[in-house]
Amino acid sequence: TFAVTNIIMLMLNSTIQSSNAFTFHAGRALASSILSTQFDMAIPEAKEFCQDHLNCVAFYFPMIPSATQLDAPENITFVSAIDAFEPSAGDQWRMFIANDLTKAQYVNASSLVYDPEVIKRPDLTCCDKLRPIPSFEAIEAADRLERISCDISPKEFYDQYELPRQPVMLVGCSEKWKAQKRWASFETLIPRFDNASEWRSEINEEDLEQRQWSDIVDAMVENRDFYIFDSLDHPAGQLLEEDYDVPYPFQERDLYGSLKGDFPPDYGSKRWFCVGRGGTGTDPHTDPFATDAWNSLLSGHKWWVVYPTSVTDEEALECNPACSVEDPTAQDWYASVGSRAALSEYAYGERPYHVLQHPGETIYMPNDYIHSVYNIDDTIAVTANYGSPAKFEAVWENIVERGTETQWKQMYFQVFDKEQRQWARDSEFWHPSDFEYDDEDEVEGEEWD
């Protein structure tokens, strides 16, 4: 659920006071005493300003991001009193009221409306065609994601980022890859494959299905929308293995990669080739099977919208049919919901954030975060999912529920160390023989400890 804050309201002649510094309301103050209006000010900065100002009772802002900085609204109005409150059913306005009893006398609490839906869904996710995609500069100005060198050791990376479940951008992972030249643009990529080779792709928003490389090349040359998201396990995909390497911090990290055969069965290696025309993008999602992911970009720029871990309902972030255009496109979502994401506040005061990925950068995305990705211009990338030891219990659950008997035995007896075997036995998915399996292969070293 989207727990945001408690709401101050007048009920049975008593005032309920939140423990938060501010209470959140969908709407704006009317007939109020305006202190000032600020531009290009981020909401955390506005909270600090209002707390420090003796006369500041509240501030409100339109749900329109600044043209120069996506984590700041177009403007913020500070008020010294609230005489009336106008609810915003269409998600046009937001207001924060200072939770300070010395200022409560300047708030007409009877005008405030308690709406539980605001807490459940602080963003109504209305997808419209009223706004353009934000500028490259506005996305970059809002990018706060830490950058680190790809030279960091696997152990240091695990301790500092993977174990704490912290997204980060690595720089320099692809410096020595052949892909630097071979994937530099669509023009350099086109001769890489035989025209008869097939790729899982989408052209002009048709279904994602197998298409010949010649058809995809036609879309490239004719400037039509297309998107490739395909496994590297087929012959043409395997050809790309000589173009890149698993980035150093992620090498020998994949628990699933230690298993005999594909996991889940027939799913493949979970390595993907991603090629997209500018203007294409994904829905908000987390990656499957409790996997973490790395994504290395060789050409173009990707805009990532990353939600805090308190946001767990992917469907609640999709375009809301009640207030969206018919058949909304990826551009409609990113121009509206995506662009104003950082203006919404979720549990513990957390906010979504924006990331601009440049060529030569590799992003690490833990499984815990719902995220969406938009191709600002034509992009070429490689990505992989893997089962991280930092997500041990969820990985073990997937192995038990989706793998074969041989795979869980191999994982338990051959891959796990003594401590991990104890973790497995202490989990809800012990004993695995309580689940049904089709295979009966023996596993070397099958002794209980």
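1. The model is predicted: local features need pLDDT of at least 70 and side-chain atom pairs count only at pLDDT 80 or more, whereas totals for chains, interfaces and linings use all residues. Residues are numbered from 1 along each chain as its sequence is written, and side-chain values use heavy atoms, with hydrogens and water left out.

2. Twelve helices and 21 strands make up the secondary structure of the chain (DSSP runs, H or I of at least four residues for helices and E of at least two for strands, numbered from the N terminus). Of its 449 residues, 53% are buried (under 20% relative accessible area, 1.4 Å probe, protein chains only).

3. Among contacts (heavy atoms within 4.5 Å) with a separation of 6 or more, 79% join residues 24 or more positions apart.

4. Helix H4 (residues 154-162) has Pro154, Phe157, Tyr158, Tyr161 and Glu162 buried. These buried residues fall within an arc of 110° seen down the helix axis, so they line one face of H4 (the arc is that of the directions from the axis to the C-beta atoms). Their cover includes strands E10 (147-149), E11 (168-171), E16 (292-299), E19 (361-365) and E21.

5. Serine 388 lies in the loop between strand E21 (379-386) and helix H10 (392-402). Serine 388 is buried, at a relative accessible area of 0%. Leaving aside residues up to four places away in sequence, serine 388 touches Tyr158, Glu162, Arg165, Leu255, Asp292 and Val395.

6. The side chains of serine 388 and glutamate 162 form a polar contact at 2.5 Å (a pair of N or O atoms within 3.5 Å; within protein, one must be able to donate a hydrogen and the other to accept it, and residues adjacent in sequence count only if both atoms are side-chain atoms).

Notes:
Buried < 20%, exposed > 50% of the residue type's maximum accessible area, 1.4 Å probe, protein only.
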